Amino acid sequence: ELMALQASGIKDLKSDFSKSIMNKYGVAEDFIDNDNPVHGIIVMNAAQANNELSEWINNPENKQIAGSAAFNEKREEIFDKYNNKIKEQITDQIKQGFGMMLQKQFGQLPVWFDYNDLAATIKNLEDPEITKDLSQGQIMAISMVLNQYQGYFEILGIK
């Protein structure tokens with residue numbers, strides 16, 4: 001009975017772990033948008049993190065320390081690892097989506113778009129010298145893409 005209780009406690013820890021990663025990015029388990037590529041990134045990495053924690057905790061040596069400081073350190077280590085992967089992959093998704101839209105609007109990528117520095121690209125849009133020659137359609141297209149990803153900029157540290 002004690003082992004069954006411990007096993008269910010470990011299962012709850014793992015489930016909460018995956019949810020905590022998704023919640024950090026504003027993705028609730030009941031409201032996952034399968035058509036949203038960012039949700040896909042978050043859910044996939046949360047599942048992988050959960051799996052890594054499961055593998056670690058299912059090691060007989062580690063089962064004994066569930067809930068301990070060592071367990072919490074490992075949990076934090078895995079959380080940080082996948083948090084960084086999520087940030088990198090979201091950044092890549094934004095660059096790709098933004099780049100494709102700009103390619104479509106301009107016929108080629110404008111000189112102010114830098115795939116390697118998303119923050120600088122967005123900062124460039126505050127420069128009136130850059131924006132003065134944009135058509136209304138280009139401004140609307142850029143605004144739509146930026147609005148689509150706006151909620152992730154703060155998480156990514158882009159102002």
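Predicted model: local features only at pLDDT ≥ 70, side-chain atom pairs only at ≥ 80, totals over all residues.
Me: Why is Ile94 called buried?

Reply: Ile94 has a relative accessible area of 1%, and buried means under 20% (exposed is over 50%, partly exposed in between, with a 1.4 Å probe and protein chains only), so Ile94 is buried. Not counting residues up to four places away in sequence, Ile94 touches Gly99, Leu118, Tyr149, Phe153 and Leu156, where contact means heavy atoms within 4.5 Å.

Me: What is the burial class of Gly99, and which residues are its contacts?

Reply: Gly99, which also lies in helix α4, has a relative accessible area of 2% and is therefore buried. Leaving aside neighbours within four places in sequence, Gly99 is in contact with Ile94, Leu109, Phe113 and Tyr115.

Me: What makes the pair of Trp56 and Phe71 tilted?

Reply: Five aromatic pairs are found in a search of the whole structure. In one of these, the ring centres of Trp56 and Phe71 are 6.1 Å apart with the planes at 35°, so the pair is tilted; rings of Phe, Tyr and Trp (its six-membered ring) pair if their centres lie within 6.5 Å, and planes under 30 degrees apart count as stacked, over 60 as edge-to-face and the rest as tilted. Because Trp56 lies in helix α2 (residues 37–57) and Phe71 in helix α4 (residues 69–106), the pair ties together parts that are 15 residues apart in sequence. Trp56 is buried at 18% relative accessible area, and Phe71 is buried at 1%.

Me: How do you know which class the pair of Phe98 and Phe113 belongs to?

Reply: The rings of Phe98 and Phe113 are 5.5 Å centre to centre with 80° between the planes, which makes the pair edge-to-face. Phe98 is in helix α4 and Phe113 in the loop between α4 and α5 (118–124), so that the pair links distant parts of the chain, 15 residues apart. Both Phe98 and Phe113 are buried, and together with Tyr115 they form one aromatic cluster.

Me: Why are α2 and α4 called roughly antiparallel?

Reply: The axes of α2 and α4 come within 9 Å and cross at roughly 155°, and angles over 145 degrees count as roughly antiparallel (under 35 as roughly parallel, 65 to 115 as roughly perpendicular, the rest as oblique); α2 and α4 are therefore roughly antiparallel. Axes are lines fitted to C-alpha atoms, for helices over the stretch in contact, with angles from 0 to 180 degrees between N-to-C directions. Among the residues that meet are Leu53 and Trp56 in α2, and Phe71 and Ile78 in α4.

Me: What is the orientation of α4 and α7 relative to each other?

Reply: α4 and helix α7 (residues 136–156) pack at about 175°, with their axes 10 Å apart, and that makes them roughly antiparallel. The contacting residues include Ile94 and Phe98 in α4, and Tyr149 and Phe153 in α7.

Notes
Residues numbered from 1 in each chain as written. Heavy atoms only, no water. Helix = DSSP H or I, 4+ residues; strand = E, 2+ residues; numbered from the N terminus.
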